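Please work through each task before turning to its solution.

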Amino acid sequence: LTEHELIEGCRKKIAKCQRSLFEKYAGRMMTVCRRYSCDHKEAEDTLQESFINIFSSIDQYRFEGSFEGWIRKIVIHTAIRMIQRKKVHFTGLAGDVEDAPVIDADALDQLSAEELLSLISNLPDGYRTVFNLYVVEGYDHSEIAAMLDITPATSRSQLLKARLLLQTQIKAQKKIPENYE
Amino acid sequence: MNERSFDKLIRDRLKDHESAVPADMWRRIHHKEEDDRKFFFLWPWLAVVAVVAILSLLAGRILHNPAMPRSVNLSSAHLANSPVRKASTTASSIPSMRLATTSPRPAMPSSNSKSRPLRPTKTPSFLPPAPDLSHPPDLSHAPDPSPTPGQFALSAVAVQLPQHPLFRSAPIFAKPLPGGKPNPIPCWDPTRSSHPGTWSLSVYGASGLSTGAPNRAILYGAGFLLRKDLMAGLSVAAGLQYSWISIKGLTDSLAPFGGHFMNVDLPALAGYEKTYSNFSAAVDAGIIINLHSTPEGRYAAFQNLYRSSTGISMYLGLRFTKELDDRLSLFAAPYYRRQLSDPSGNNAPLAQTFNIGGLLIGIKYNFSGRSKQ
(Lines give C-alpha, C1' and ligand atoms only; values in the text may rest on other atoms or scores of the structure.)
Protein backbone atom coordinates (compact mmCIF):
# COMPACT_ATOMS: atom_id res chain seq x y z
CA LEU A 1 0.00 0.00 0.00
CA THR A 2 1.20 3.50 -0.76
CA GLU A 3 1.11 6.11 1.96
CA HIS A 4 -1.88 7.75 0.26
CA GLU A 5 -3.81 4.46 0.24
CA LEU A 6 -2.84 3.86 3.84
CA ILE A 7 -4.21 7.24 4.88
CA GLU A 8 -7.43 6.72 2.93
CA GLY A 9 -7.81 3.30 4.56
CA CYS A 10 -7.36 4.84 8.00
CA ARG A 11 -9.99 7.45 7.16
CA LYS A 12 -12.37 4.60 6.45
CA LYS A 13 -11.44 3.08 9.82
CA ILE A 14 -10.04 -0.07 8.23
CA ALA A 15 -8.21 -1.83 11.05
CA LYS A 16 -5.64 -3.40 8.71
CA CYS A 17 -4.58 0.01 7.40
CA GLN A 18 -4.49 1.46 10.90
CA ARG A 19 -2.25 -1.34 12.02
CA SER A 20 0.06 -0.88 9.04
CA LEU A 21 0.32 2.82 9.79
CA PHE A 22 1.03 2.10 13.42
CA GLU A 23 3.76 -0.42 12.60
CA LYS A 24 5.35 1.99 10.13
CA TYR A 25 5.69 4.91 12.53
CA ALA A 26 5.43 3.46 16.05
CA GLY A 27 9.20 3.02 16.58
CA ARG A 28 10.13 6.59 15.66
CA MET A 29 7.18 8.04 17.54
CA MET A 30 8.11 6.00 20.59
CA THR A 31 11.46 7.79 20.56
CA VAL A 32 9.61 11.12 20.49
CA CYS A 33 7.45 10.02 23.39
CA ARG A 34 10.47 8.90 25.39
CA ARG A 35 12.12 12.28 24.89
CA TYR A 36 9.17 14.03 26.49
CA SER A 37 8.49 11.49 29.22
CA CYS A 38 10.15 10.88 32.53
CA ASP A 39 9.91 7.09 32.31
CA HIS A 40 9.02 4.28 29.96
CA LYS A 41 5.51 3.83 31.35
CA GLU A 42 4.65 7.45 30.68
CA ALA A 43 6.12 7.17 27.17
CA GLU A 44 3.90 4.17 26.44
CA ASP A 45 0.82 6.03 27.63
CA THR A 46 1.75 8.99 25.45
CA LEU A 47 2.25 6.78 22.40
CA GLN A 48 -1.11 5.10 22.95
CA GLU A 49 -2.91 8.40 23.36
CA SER A 50 -1.09 9.83 20.34
CA PHE A 51 -2.14 7.11 17.94
CA ILE A 52 -5.74 7.30 19.13
CA ASN A 53 -5.61 11.03 18.40
CA ILE A 54 -3.99 10.40 15.01
CA PHE A 55 -6.70 7.95 13.96
CA SER A 56 -9.50 10.17 15.19
CA SER A 57 -8.23 13.28 13.43
CA ILE A 58 -6.71 11.83 10.28
CA ASP A 59 -9.50 13.50 8.30
CA GLN A 60 -7.77 16.78 9.10
CA TYR A 61 -4.66 15.85 7.15
CA ARG A 62 -4.89 17.59 3.79
CA PHE A 63 -1.98 15.95 2.01
CA GLU A 64 0.07 19.10 2.38
CA GLY A 65 3.56 18.59 3.69
CA SER A 66 5.10 15.48 5.16
CA PHE A 67 2.69 13.00 6.70
CA GLU A 68 5.33 11.90 9.17
CA GLY A 69 5.75 15.54 10.17
CA TRP A 70 2.01 15.79 10.76
CA ILE A 71 2.06 12.63 12.90
CA ARG A 72 5.06 13.91 14.82
CA LYS A 73 3.28 17.16 15.63
CA ILE A 74 0.34 15.29 17.06
CA VAL A 75 2.63 13.11 19.15
CA ILE A 76 4.46 16.17 20.47
CA HIS A 77 1.18 17.91 21.16
CA THR A 78 -0.10 14.90 23.06
CA ALA A 79 3.13 14.65 25.02
CA ILE A 80 2.97 18.31 26.01
CA ARG A 81 -0.64 17.94 27.03
CA MET A 82 0.28 15.04 29.30
CA ILE A 83 3.08 17.08 30.82
CA GLN A 84 0.73 19.97 31.39
CA ARG A 85 -1.69 17.65 33.17
CA LYS A 86 1.05 17.18 35.75
CA LYS A 87 0.91 20.95 36.33
CA VAL A 88 4.59 21.51 35.73
CA HIS A 89 5.90 24.85 36.95
CA PHE A 90 8.32 26.55 34.60
CA THR A 91 10.34 28.79 36.85
CA GLY A 92 12.83 31.34 35.62
CA LEU A 93 16.42 31.61 36.70
CA ALA A 94 17.03 33.08 40.10
CA GLY A 95 20.66 33.91 39.47
CA ASP A 96 23.48 33.51 37.01
CA VAL A 97 23.89 30.20 35.30
CA GLU A 98 27.26 28.68 35.84
CA ASP A 99 29.15 27.58 32.79
CA ALA A 100 28.38 24.13 31.49
CA PRO A 101 31.21 21.63 31.33
CA VAL A 102 32.91 21.79 27.97
CA ILE A 103 32.28 18.63 26.02
CA ASP A 104 33.87 17.60 22.78
CA ALA A 105 31.88 16.14 19.90
CA ASP A 106 33.71 12.85 20.23
CA ALA A 107 32.45 12.61 23.79
CA LEU A 108 28.88 12.65 22.55
CA ASP A 109 29.72 9.99 19.98
CA GLN A 110 30.54 7.65 22.80
CA LEU A 111 26.98 7.88 23.99
CA SER A 112 24.43 5.64 22.35
CA ALA A 113 21.03 7.02 21.43
CA GLU A 114 19.50 4.89 24.17
CA GLU A 115 21.85 6.39 26.76
CA LEU A 116 21.12 9.87 25.48
CA LEU A 117 17.37 9.25 25.70
CA SER A 118 17.82 8.02 29.23
CA LEU A 119 19.73 11.16 30.20
CA ILE A 120 17.11 13.42 28.63
CA SER A 121 14.37 11.53 30.49
CA ASN A 122 16.17 12.28 33.75
CA LEU A 123 15.84 16.02 33.22
CA PRO A 124 13.09 17.78 35.17
CA ASP A 125 9.81 18.09 33.23
CA GLY A 126 10.16 21.80 32.48
CA TYR A 127 13.81 21.58 31.34
CA ARG A 128 13.12 18.51 29.25
CA THR A 129 10.09 20.01 27.50
CA VAL A 130 11.80 23.26 26.54
CA PHE A 131 15.01 21.45 25.57
CA ASN A 132 13.12 19.12 23.23
CA LEU A 133 11.02 21.86 21.68
CA TYR A 134 14.01 24.12 21.05
CA VAL A 135 16.87 21.74 20.29
CA VAL A 136 15.16 18.83 18.57
CA GLU A 137 11.92 20.31 17.19
CA GLY A 138 13.45 23.66 16.26
CA TYR A 139 10.87 26.05 17.72
CA ASP A 140 12.05 29.47 18.85
CA HIS A 141 11.50 30.87 22.32
CA SER A 142 8.48 32.98 21.43
CA GLU A 143 6.71 29.96 19.95
CA ILE A 144 7.61 27.82 22.95
CA ALA A 145 6.39 30.56 25.25
CA ALA A 146 3.04 30.61 23.42
CA MET A 147 2.74 26.84 23.58
CA LEU A 148 3.54 26.48 27.25
CA ASP A 149 2.04 29.73 28.50
CA ILE A 150 5.35 31.02 29.81
CA THR A 151 7.47 34.04 28.96
CA PRO A 152 10.25 33.80 26.35
CA ALA A 153 12.73 34.65 29.11
CA THR A 154 11.57 31.66 31.13
CA SER A 155 11.92 29.49 28.06
CA ARG A 156 15.52 30.69 27.60
CA SER A 157 16.44 30.07 31.20
CA GLN A 158 14.88 26.59 31.12
CA LEU A 159 16.94 25.79 28.06
CA LEU A 160 20.18 27.01 29.63
CA LYS A 161 19.56 24.97 32.74
CA ALA A 162 18.63 21.93 30.68
CA ARG A 163 21.87 22.14 28.68
CA LEU A 164 23.90 22.59 31.83
CA LEU A 165 22.30 19.64 33.56
CA LEU A 166 22.51 17.40 30.52
CA GLN A 167 26.17 18.12 29.92
CA THR A 168 26.92 17.55 33.57
CA GLN A 169 25.15 14.20 33.37
CA ILE A 170 27.08 13.25 30.25
CA LYS A 171 30.27 14.05 32.04
CA ALA A 172 29.14 12.05 35.04
CA GLN A 173 28.59 9.04 32.81
CA LYS A 174 32.38 8.83 32.77
CA LYS A 175 32.32 8.50 29.06
CA ILE A 176 34.43 11.57 28.74
CA PRO A 177 38.20 11.31 29.15
CA GLU A 178 39.86 14.08 31.10
CA ASN A 179 41.55 15.50 28.01
CA TYR A 180 38.16 16.39 26.52
CA GLU A 181 37.46 18.98 29.17
CA MET B 1 32.05 22.50 21.45
CA ASN B 2 29.60 25.38 21.37
CA GLU B 3 25.89 25.21 22.09
CA ARG B 4 24.89 25.06 18.44
CA SER B 5 27.12 22.08 17.78
CA PHE B 6 25.94 20.37 20.92
CA ASP B 7 22.32 20.84 19.88
CA LYS B 8 22.99 19.62 16.35
CA LEU B 9 24.73 16.48 17.55
CA ILE B 10 21.84 15.59 19.82
CA ARG B 11 19.30 16.35 17.08
CA ASP B 12 21.12 14.17 14.58
CA ARG B 13 21.57 11.37 17.05
CA LEU B 14 17.88 11.15 17.90
CA LYS B 15 16.41 12.12 14.54
CA ASP B 16 15.75 8.69 13.06
CA HIS B 17 16.15 6.57 16.12
CA GLU B 18 13.50 3.92 16.60
CA SER B 19 12.67 2.67 20.06
CA ALA B 20 11.21 -0.69 20.90
CA VAL B 21 7.46 -0.66 21.16
CA PRO B 22 5.67 -3.02 23.59
CA ALA B 23 4.20 -6.02 21.80
CA ASP B 24 0.69 -5.40 23.08
CA MET B 25 0.65 -1.68 22.19
CA TRP B 26 -1.42 -2.12 19.03
CA ARG B 27 -3.97 -4.25 20.86
CA ARG B 28 -4.28 -1.55 23.56
CA ILE B 29 -4.75 1.21 21.00
CA HIS B 30 -7.25 -0.80 18.99
CA HIS B 31 -9.36 -1.69 22.05
CA LYS B 32 -9.30 1.88 23.35
CA GLU B 33 -10.33 3.21 19.96
CA GLU B 34 -13.17 0.69 19.73
CA ASP B 35 -14.41 1.70 23.18
CA ASP B 36 -14.29 5.38 22.24
CA ARG B 37 -16.10 4.70 18.98
CA LYS B 38 -18.86 2.77 20.77
CA PHE B 39 -19.35 5.64 23.16
CA PHE B 40 -19.35 8.16 20.31
CA PHE B 41 -22.10 6.27 18.50
CA LEU B 42 -23.95 5.61 21.72
CA TRP B 43 -24.37 9.11 23.04
CA PRO B 44 -26.83 10.39 20.39
CA TRP B 45 -29.01 7.40 21.14
CA LEU B 46 -28.70 8.07 24.83
CA ALA B 47 -29.88 11.62 24.14
CA VAL B 48 -32.85 10.32 22.15
CA VAL B 49 -33.71 7.85 24.92
CA ALA B 50 -33.49 10.67 27.47
CA VAL B 51 -35.83 12.90 25.44
CA VAL B 52 -38.32 10.06 24.91
CA ALA B 53 -38.16 9.21 28.62
CA ILE B 54 -38.86 12.81 29.59
CA LEU B 55 -41.75 13.11 27.17
CA SER B 56 -43.16 9.75 28.31
CA LEU B 57 -42.89 10.85 31.91
CA LEU B 58 -44.69 14.06 31.10
CA ALA B 59 -47.43 12.25 29.19
CA GLY B 60 -47.73 9.68 31.96
CA ARG B 61 -48.12 12.34 34.58
CA ILE B 62 -50.83 14.02 32.56
CA LEU B 63 -52.79 10.91 31.70
CA HIS B 64 -52.41 8.89 34.87
CA ASN B 65 -52.63 11.52 37.53
CA PRO B 66 -54.95 9.90 40.12
CA ALA B 67 -56.00 13.30 41.45
CA MET B 68 -57.17 14.40 38.03
CA PRO B 69 -60.94 14.27 37.64
CA ARG B 70 -62.17 13.96 34.09
CA SER B 71 -65.01 16.39 34.36
CA VAL B 72 -66.64 18.22 31.58
CA ASN B 73 -66.05 21.90 31.77
CA LEU B 74 -69.70 22.72 32.07
CA SER B 75 -68.95 25.50 34.47
CA SER B 76 -67.99 27.59 31.56
CA ALA B 77 -70.02 30.70 31.26
CA HIS B 78 -70.06 30.16 27.54
CA LEU B 79 -72.37 27.27 28.08
CA ALA B 80 -74.51 29.07 30.63
CA ASN B 81 -75.20 31.91 28.24
CA SER B 82 -75.37 29.96 25.08
CA PRO B 83 -78.36 29.06 23.00
CA VAL B 84 -77.34 25.47 23.37
CA ARG B 85 -77.69 25.76 27.12
CA LYS B 86 -81.19 27.06 26.66
CA ALA B 87 -82.11 24.26 24.36
CA SER B 88 -80.76 21.49 26.49
CA THR B 89 -78.22 21.10 29.25
CA THR B 90 -77.43 17.53 28.39
CA ALA B 91 -74.25 16.68 26.68
CA SER B 92 -76.00 14.58 24.12
CA SER B 93 -77.77 17.59 22.72
CA ILE B 94 -74.46 19.08 21.66
CA PRO B 95 -72.78 16.82 19.15
CA SER B 96 -69.36 18.22 19.75
CA MET B 97 -69.69 17.64 23.49
CA ARG B 98 -69.34 13.95 22.98
CA LEU B 99 -65.69 14.59 22.43
CA ALA B 100 -64.97 15.41 26.00
CA THR B 101 -67.17 12.99 27.81
CA THR B 102 -66.35 9.48 28.76
CA SER B 103 -69.79 8.36 29.75
CA PRO B 104 -70.65 4.71 29.12
CA ARG B 105 -74.35 5.55 29.19
CA PRO B 106 -76.51 5.14 26.12
CA ALA B 107 -77.37 8.31 24.31
CA MET B 108 -80.21 10.34 25.69
CA PRO B 109 -82.99 11.45 23.40
CA SER B 110 -82.16 14.66 21.77
CA SER B 111 -84.45 17.64 21.70
CA ASN B 112 -83.24 18.27 18.23
CA SER B 113 -84.47 15.52 15.94
CA LYS B 114 -81.78 16.28 13.36
CA SER B 115 -78.89 15.77 15.71
CA ARG B 116 -77.37 12.34 15.90
CA PRO B 117 -77.87 10.48 19.17
CA LEU B 118 -74.86 9.99 21.37
CA ARG B 119 -73.65 6.47 21.03
CA PRO B 120 -72.38 4.59 24.08
CA THR B 121 -68.69 5.00 24.48
CA LYS B 122 -66.44 2.80 26.48
CA THR B 123 -64.45 4.33 29.30
CA PRO B 124 -60.73 3.50 29.02
CA SER B 125 -59.62 1.37 31.94
CA PHE B 126 -57.10 3.93 33.12
CA LEU B 127 -59.66 6.68 33.46
CA PRO B 128 -61.97 7.22 36.44
CA PRO B 129 -65.72 6.92 35.81
CA ALA B 130 -67.23 9.87 34.09
CA PRO B 131 -69.71 12.09 35.94
CA ASP B 132 -73.39 11.83 35.24
CA LEU B 133 -74.05 14.49 32.68
CA SER B 134 -77.76 14.38 33.10
CA HIS B 135 -77.33 16.60 36.18
CA PRO B 136 -74.99 19.36 35.24
CA PRO B 137 -73.53 21.53 37.98
CA ASP B 138 -74.93 24.92 38.86
CA LEU B 139 -73.63 27.37 36.33
CA SER B 140 -75.30 30.49 37.52
CA HIS B 141 -72.24 31.94 39.34
CA ALA B 142 -69.70 31.40 36.64
CA PRO B 143 -67.86 34.47 35.37
CA ASP B 144 -68.50 35.72 31.90
CA PRO B 145 -65.29 36.18 29.94
CA SER B 146 -67.29 37.18 26.87
CA PRO B 147 -65.96 34.68 24.44
CA THR B 148 -66.02 35.10 20.77
CA PRO B 149 -68.38 32.82 18.89
CA GLY B 150 -65.47 30.79 17.62
CA GLN B 151 -64.19 30.16 21.10
CA PHE B 152 -67.48 28.83 22.35
CA ALA B 153 -67.28 25.36 20.93
CA LEU B 154 -63.76 24.91 22.21
CA SER B 155 -64.63 25.97 25.72
CA ALA B 156 -67.68 23.78 25.80
CA VAL B 157 -65.67 20.66 25.11
CA ALA B 158 -62.61 21.51 27.10
CA VAL B 159 -61.43 18.98 29.62
CA GLN B 160 -60.25 20.52 32.84
CA LEU B 161 -57.22 19.16 34.59
CA PRO B 162 -57.42 21.35 37.65
CA GLN B 163 -55.29 19.19 39.91
CA HIS B 164 -52.31 19.08 37.66
CA PRO B 165 -49.93 21.97 38.18
CA LEU B 166 -48.96 22.06 34.54
CA PHE B 167 -52.50 22.76 33.42
CA ARG B 168 -54.07 24.71 36.22
CA SER B 169 -54.04 27.92 34.33
CA ALA B 170 -55.76 26.81 31.18
CA PRO B 171 -57.97 24.08 29.81
CA ILE B 172 -56.79 21.71 27.17
CA PHE B 173 -58.62 21.34 23.95
CA ALA B 174 -59.62 17.72 23.37
CA LYS B 175 -59.69 16.95 19.69
CA PRO B 176 -62.43 14.56 18.59
CA LEU B 177 -61.66 11.02 17.63
CA PRO B 178 -63.52 9.25 14.84
CA GLY B 179 -66.74 7.70 16.05
CA GLY B 180 -67.25 10.16 18.82
CA LYS B 181 -64.81 8.45 21.17
CA PRO B 182 -63.28 10.60 23.86
CA ASN B 183 -59.72 11.65 23.32
CA PRO B 184 -57.68 11.62 26.51
CA ILE B 185 -54.57 12.99 24.78
CA PRO B 186 -53.98 16.70 25.25
CA CYS B 187 -54.00 18.37 21.88
CA TRP B 188 -52.95 21.58 20.31
CA ASP B 189 -54.88 24.47 21.76
CA PRO B 190 -55.58 26.84 18.87
CA THR B 191 -56.81 29.55 21.20
CA ARG B 192 -53.32 29.84 22.64
CA SER B 193 -51.21 29.43 19.57
CA SER B 194 -49.16 32.18 18.05
CA HIS B 195 -50.97 35.13 16.57
CA PRO B 196 -49.78 36.80 13.38
CA GLY B 197 -47.85 39.94 14.03
CA THR B 198 -47.03 39.23 17.67
CA TRP B 199 -43.51 40.22 18.71
CA SER B 200 -41.50 38.71 21.52
CA LEU B 201 -38.00 39.13 22.91
CA SER B 202 -35.97 36.18 24.19
CA VAL B 203 -32.89 36.65 26.32
CA TYR B 204 -30.84 33.54 26.90
CA GLY B 205 -27.65 31.99 28.13
CA ALA B 206 -25.98 29.36 25.99
CA SER B 207 -23.67 26.49 26.73
CA GLY B 208 -22.33 23.81 24.44
CA LEU B 209 -19.78 21.15 23.77
CA SER B 210 -18.18 20.25 20.49
CA THR B 211 -18.91 16.81 19.15
CA GLY B 212 -15.55 15.40 18.24
CA ALA B 213 -11.90 15.71 17.42
CA PRO B 214 -10.01 17.80 16.73
CA ASN B 215 -11.98 20.65 18.26
CA ARG B 216 -13.08 19.70 21.70
CA ALA B 217 -14.52 23.04 22.53
CA ILE B 218 -16.65 24.37 25.34
CA LEU B 219 -18.96 27.28 24.54
CA TYR B 220 -20.45 29.79 26.92
CA GLY B 221 -22.49 32.64 25.64
CA ALA B 222 -25.42 34.95 25.93
CA GLY B 223 -27.71 36.57 23.45
CA PHE B 224 -31.12 37.79 22.50
CA LEU B 225 -33.64 36.95 19.81
CA LEU B 226 -36.42 39.12 18.51
CA ARG B 227 -39.19 36.86 17.27
CA LYS B 228 -42.24 37.59 15.17
CA ASP B 229 -45.12 35.14 14.98
CA LEU B 230 -46.42 34.69 11.47
CA MET B 231 -49.26 32.21 11.18
CA ALA B 232 -50.26 28.72 12.20
CA GLY B 233 -47.45 28.41 14.71
CA LEU B 234 -44.76 29.65 12.35
CA SER B 235 -42.37 32.37 13.43
CA VAL B 236 -39.13 34.03 12.38
CA ALA B 237 -36.42 35.31 14.69
CA ALA B 238 -33.16 37.21 14.53
CA GLY B 239 -30.80 38.52 17.16
CA LEU B 240 -27.25 38.67 18.40
CA GLN B 241 -25.15 36.20 20.35
CA TYR B 242 -21.83 36.71 22.08
CA SER B 243 -19.92 33.55 22.85
CA TRP B 244 -16.67 32.50 24.43
CA ILE B 245 -15.31 29.28 22.96
CA SER B 246 -12.56 27.52 24.84
CA ILE B 247 -10.48 25.00 22.92
CA LYS B 248 -8.80 22.25 24.83
CA GLY B 249 -8.53 19.46 22.32
CA LEU B 250 -6.29 18.01 19.71
CA THR B 251 -5.30 20.12 16.78
CA ASP B 252 -3.87 19.17 13.44
CA SER B 253 -0.73 20.99 14.34
CA LEU B 254 1.28 21.74 17.42
CA ALA B 255 -0.95 24.26 19.11
CA PRO B 256 -1.04 26.04 22.41
CA PHE B 257 -3.45 24.70 24.97
CA GLY B 258 -6.41 26.31 26.57
CA GLY B 259 -6.86 29.19 24.18
CA HIS B 260 -10.21 30.64 23.28
CA PHE B 261 -12.14 32.56 20.65
CA MET B 262 -14.56 35.41 21.18
CA ASN B 263 -17.36 35.22 18.65
CA VAL B 264 -20.21 37.53 17.80
CA ASP B 265 -22.96 35.78 15.83
CA LEU B 266 -26.18 36.75 14.17
CA PRO B 267 -28.76 33.97 14.33
CA ALA B 268 -31.58 34.02 11.76
CA LEU B 269 -34.11 31.31 12.53
CA ALA B 270 -37.50 30.05 11.54
CA GLY B 271 -39.64 28.20 14.05
CA TYR B 272 -42.71 26.05 14.18
CA GLU B 273 -44.47 25.92 17.52
CA LYS B 274 -47.26 23.80 19.00
CA THR B 275 -48.91 25.05 22.14
CA TYR B 276 -50.39 22.79 24.78
CA SER B 277 -52.08 24.92 27.40
CA ASN B 278 -49.32 26.91 29.08
CA PHE B 279 -46.61 24.66 27.66
CA SER B 280 -45.32 24.72 24.12
CA ALA B 281 -42.85 22.75 22.04
CA ALA B 282 -41.16 24.14 18.96
CA VAL B 283 -38.62 23.29 16.32
CA ASP B 284 -36.21 26.02 15.26
CA ALA B 285 -33.98 25.86 12.22
CA GLY B 286 -31.89 28.39 10.39
CA ILE B 287 -28.46 29.84 9.98
CA ILE B 288 -26.02 31.57 12.26
CA ILE B 289 -23.83 34.15 10.59
CA ASN B 290 -20.58 34.86 12.35
CA LEU B 291 -20.00 38.60 12.41
CA HIS B 292 -16.64 38.52 14.13
CA SER B 293 -14.26 35.94 15.56
CA THR B 294 -11.20 36.91 17.57
CA PRO B 295 -8.55 34.56 18.89
CA GLU B 296 -7.76 35.50 22.47
CA GLY B 297 -5.17 34.61 25.05
CA ARG B 298 -2.50 32.35 23.67
CA TYR B 299 -4.22 32.26 20.29
CA ALA B 300 -3.62 35.97 19.89
CA ALA B 301 -0.06 35.13 18.80
CA PHE B 302 -1.53 33.36 15.77
CA GLN B 303 -4.09 36.02 15.00
CA ASN B 304 -2.85 36.56 11.47
CA LEU B 305 -3.59 32.91 10.65
CA TYR B 306 -7.29 33.23 11.43
CA ARG B 307 -10.14 34.88 9.61
CA SER B 308 -12.11 37.56 11.34
CA SER B 309 -15.30 35.67 10.47
CA THR B 310 -15.96 31.96 10.55
CA GLY B 311 -18.79 32.17 8.05
CA ILE B 312 -22.15 30.46 8.27
CA SER B 313 -23.37 27.66 10.52
CA MET B 314 -26.56 25.63 10.33
CA TYR B 315 -28.73 25.59 13.43
CA LEU B 316 -31.30 23.02 14.46
CA GLY B 317 -32.95 23.04 17.84
CA LEU B 318 -35.96 22.11 19.89
CA ARG B 319 -37.55 24.67 22.19
CA PHE B 320 -39.69 23.88 25.20
CA THR B 321 -41.48 26.82 26.72
CA LYS B 322 -43.41 27.12 29.98
CA GLU B 323 -45.54 30.19 30.48
CA LEU B 324 -45.01 32.00 33.74
CA ASP B 325 -47.76 34.53 33.13
CA ASP B 326 -49.43 36.12 30.14
CA ARG B 327 -46.21 37.86 29.08
CA LEU B 328 -43.25 35.99 30.49
CA SER B 329 -42.18 32.47 29.57
CA LEU B 330 -39.25 30.31 30.52
CA PHE B 331 -37.67 28.21 27.80
CA ALA B 332 -34.99 25.57 27.32
CA ALA B 333 -33.68 24.68 23.89
CA PRO B 334 -31.34 21.80 23.13
CA TYR B 335 -29.59 22.56 19.85
CA TYR B 336 -26.98 21.44 17.37
CA ARG B 337 -24.91 23.87 15.38
CA ARG B 338 -22.79 22.78 12.44
CA GLN B 339 -20.32 25.06 10.75
CA LEU B 340 -20.35 24.85 6.99
CA SER B 341 -16.73 25.74 6.36
CA ASP B 342 -13.32 25.82 7.96
CA PRO B 343 -12.05 29.33 7.41
CA SER B 344 -8.61 28.71 8.86
CA GLY B 345 -5.98 27.27 6.61
CA ASN B 346 -3.79 24.28 7.27
CA ASN B 347 -1.14 26.57 8.69
CA ALA B 348 -3.24 27.66 11.62
CA PRO B 349 -2.44 25.77 14.80
CA LEU B 350 -6.11 25.15 15.38
CA ALA B 351 -9.00 24.62 12.98
CA GLN B 352 -11.49 27.43 13.39
CA THR B 353 -14.45 25.07 13.03
CA PHE B 354 -16.97 24.57 15.77
CA ASN B 355 -19.70 21.94 15.55
CA ILE B 356 -21.42 22.29 18.84
CA GLY B 357 -24.33 20.67 20.60
CA GLY B 358 -25.70 22.33 23.67
CA LEU B 359 -28.50 24.00 25.53
CA LEU B 360 -30.01 27.47 25.57
CA ILE B 361 -31.93 28.56 28.63
CA GLY B 362 -33.72 31.86 28.77
CA ILE B 363 -36.72 34.04 29.30
CA LYS B 364 -39.14 35.15 26.62
CA TYR B 365 -41.12 38.36 26.92
CA ASN B 366 -44.25 38.61 24.82
CA PHE B 367 -44.90 42.23 23.93
CA SER B 368 -48.63 41.75 23.33
CA GLY B 369 -49.43 39.49 26.23
CA ARG B 370 -51.65 36.45 25.97
CA SER B 371 -54.68 38.15 27.40
CA LYS B 372 -54.73 40.68 24.64
CA GLN B 373 -54.38 38.20 21.84
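**Exercise 1.** Which residues does M262(B) touch, not counting residues up to four places away in sequence?

*Solution.* A remark on the model comes before the steps. This is a predicted model, in which local features need pLDDT of at least 70 and side-chain atom pairs count only at pLDDT 80 or more, while totals for chains, interfaces and linings use all residues. Residues are numbered from 1 along each chain as its sequence is written, chains are lettered from A and ligands numbered from 1 in the order in which they are written, and side-chain values use heavy atoms, with hydrogens and water left out.

Step 1: Apply the definition of a contact, namely heavy atoms within 4.5 Å.
Step 2: List the partners of M262(B), which are Y242(B), S243(B), W244(B), H292(B), S293(B), T294(B) and E296(B).
Step 3: Consider one of these partners, S243(B). The C-alpha atoms of M262(B) and S243(B) lie 5.9 Å apart in space, although 19 residues separate the two in sequence.

**Exercise 2.** Determine where M262(B) lies, and whether M262(B) is buried or exposed.

*Solution.* 
Step 1: Locate the element. M262(B) belongs to strand β4 of chain B, residues 260-276. Helices (H or I, at least four residues) and strands (E, at least two) are DSSP runs, numbered from the N terminus.
Step 2: Recall the classes of relative accessible area: buried is under 20%, exposed is over 50%, and partly exposed is in between (1.4 Å probe, protein chains only).
Step 3: Compare. M262(B) counts as buried because its relative accessibility is 18%.

**Exercise 3.** Describe how the strands of chain B are arranged.

*Solution.* 
Step 1: Follow the pairing, for which DSSP must find at least two bridges between two strands. The eight strands of chain B close into an antiparallel barrel in the order β1-β2-β3-β4-β5-β6-β7-β8. From one strand to the next, the twist averages 25°; such angles run from 0 to 180 degrees between N-to-C directions, with axes fitted to C-alpha atoms.
Step 2: Examine one pair. Strand β3 of chain B (residues 234-247) and β4(B) are antiparallel and share 11 bridges. A237(B) has L269(B) in β4(B) as its bridge partner.

**Exercise 4.** Summarise the make-up of chain A and the confidence of its model.

*Solution.* 
Step 1: Count the elements. Chain A has nine helices and zero strands.
Step 2: Note the burial. Of its 181 residues, 54% are buried.
Step 3: In chain A, helix α2 (residues 15-36) has the highest mean, 92, and helix α5 (residues 105-109) the lowest, 70.
Step 4: Over residues 177-181 of chain A, pLDDT stays under 50, and the model has seven contacts beyond four places in sequence for them.

Key:
pLDDT = per-residue confidence, 0-100.
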